[in-house]
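Thanks for coming. I have one structure to go through today, and I will start with a single residue before turning to the whole chain.

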Amino acid sequence: MSGDAAEDLGFARLDLARPRRTGMAETVYCPGKTCAQLVAILRAFAKAGQSVLGTRCSAEQAAAVDEAGLGAEYDAPSRVLTLGPPAPPTLGRVIVLTGGTADVPVAEEATRTAAFLGAEVGRCFDVGVAGLHRLLSRLDEVRAADVIIVVAGMEGALGSVVAGLVEAPVIAVPTSVGYGASFQGLAPLLSMLNACAEGLSVVNIDNGFGAGVMACRILRLAQRKANHG
C-alpha cells in the first residue's frame with residue numbers, strides 16, 4: 001500500500017494509509033453524512049480490514065449501520081461508534097476526570113476514543129472544584145496515570161487545579177456546560193488557556209475526541225522512545 005493510498009467513493013475519498021502513517025485507526029466524522037453515505041464508508045473500511053472510530057454519530061445513523069449488518073458498536077451518550085477490534089491496551093494509562101455529571105458525554109467521547117486507540121482508561125467523574133475533597137480523596141489514583149484528561153465547563157478551574165497536583169501531562173477539555181456567562185464554553189476555554197499551572201494543554205470546546213487522540217499520541221511517543229532506548 002502506498003503512502004497516499006485512497007479509495008474514491010464519489011462523495012468521499014477514503015484515506016486507507018492513515019494507520020500506517022500515524023499508527024492509529026481512521027476516524028470518521030459522522031455529522032453531515034447521510035445514513036447511506038456513512039454505511040458505504042464504513043463498509044469500505046471493513047472490506048479493507050481496517051478498524052474505524054466514528055464520532056458524533058446520531059442515533060439514526062447508528063440504526064442504519066446496525067441494519068446494514070456491519071457489526072459496529074454504538075454508545076449513545078458519547079455518540080461514538082466503533083467498527084472492528086480496538087487496539088490492544090498496551091500504550092499506558094489515561095484517566096479522565098470531569099468537573100460534574102453534565103460533562104460526562106464529552107468525557108465519554110474522550111474515554112472511548114483513548115480506549116479504542118490502545119490506552120488503558122480509568123474514570124474519575126464529578127470531582128469538580130465546588131467540592132475539592134472529592135478530587136483529593138482519589139488523588140493517588142489520578143497521580144498513577146501516565147496522561148490525565150480533565151473535562152470541565154462553568155469556569156473551567158479543574159484543569160489548572162489538577163495540573164498543579166500531578167507530574168503527568170494534563171489535557172484540558174472545556175465544555176459548553178454552564179450558565180449564560182459561560183458563553184457556550186468560551187469562558188472555560190479562556191480560563192484553561194490562561195491557567196498558571198505548568199504542563200496543561202487545551203483542546204477545543206467539547207472536543208473529547210481530540211483529547212483522547214492527543215493522550216494516545218503522547219503515550220505512543222513515550223513508548224517508542226522507551227523501546228529504542
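Is G84 buried, partly exposed or exposed? This is a predicted model, and in it G84 has a relative accessible area of 37%. Buried would need a value under 20% and exposed one over 50%, so G84 counts as partly exposed. You will find G84 in the loop that links strand 6, residues 80–83, to strand 7. Leaving out residues up to four places away in sequence, G84 touches S51 and F116. P105 is 21 residues from G84 in sequence, and the two C-alpha atoms are 22 Å apart.

Now a residue in a helix. V213 sits in helix 9. Its relative accessibility is 17%, and the cut-off for buried is under 20%, so V213 is buried. Beyond its neighbours within four places in sequence, V213 has contacts with M24, T113 and L117. V213 and A115 are 98 residues apart along the chain, yet 9.8 Å separates their C-alpha atoms.

Which residues touch the most other members of the largest nonpolar core? They are V94 and I149, in a core of 25 residues. Several elements each supply at least two residues of this core: strand 7 (93–98), helix 4 (104–116), strand 9 (147–152), strand 10 (170–174) and helix 9 (208–227). A separate core has 22 residues, including A12, L14, L42 and F45. As background, nonpolar side chains tend to be buried together in soluble globular proteins.

Back to V94 for its contacts. Setting aside neighbours within four places in sequence, V94 meets A119, E120, V121 and G122, then A145, V147 and I149, and finally A215 and L219.

Now the whole chain. The protein has nine helices and eleven strands. Of its 229 residues, 46% are buried. Among contacts with a separation of 6 or more, 69% join residues 24 or more positions apart. The C-alpha trace spans about 50 × 50 × 25 Å along the principal axes. How does the radius of gyration fit a compact globule? For 229 residues such a globule would come near 17 Å, and the protein has 18 Å, so the two agree.

Last, the surface and the charges. The accessible surface is about 11,000 Å², with 54% of it on carbon and sulfur atoms. There are 19 positive and 22 negative side chains, and the centres of these two sets are 6 Å apart.

That is the end of my part.

Notes
Residues numbered from 1 in each chain as written. Predicted model: local features only at pLDDT ≥ 70, side-chain atom pairs only at ≥ 80, totals over all residues. Heavy atoms only, no water. Helix = DSSP H or I, 4+ residues; strand = E, 2+ residues; numbered from the N terminus. Rg over C-alpha atoms; globule rule 2.2 N^0.38 Å. Buried < 20%, exposed > 50% of the residue type's maximum accessible area, 1.4 Å probe, protein only. Contact = heavy atoms within 4.5 Å. Areas by Shrake-Rupley, 256 points an atom, 1.4 Å probe, with all protein chains shown as cover. Lys, Arg positive; Asp, Glu negative; His and termini not counted. Charge placed at Lys NZ, Arg CZ, Asp CG, Glu CD. Core = buried A, V, L, I, M, F, W, Y, C linked by side-chain atoms within 4.5 Å.
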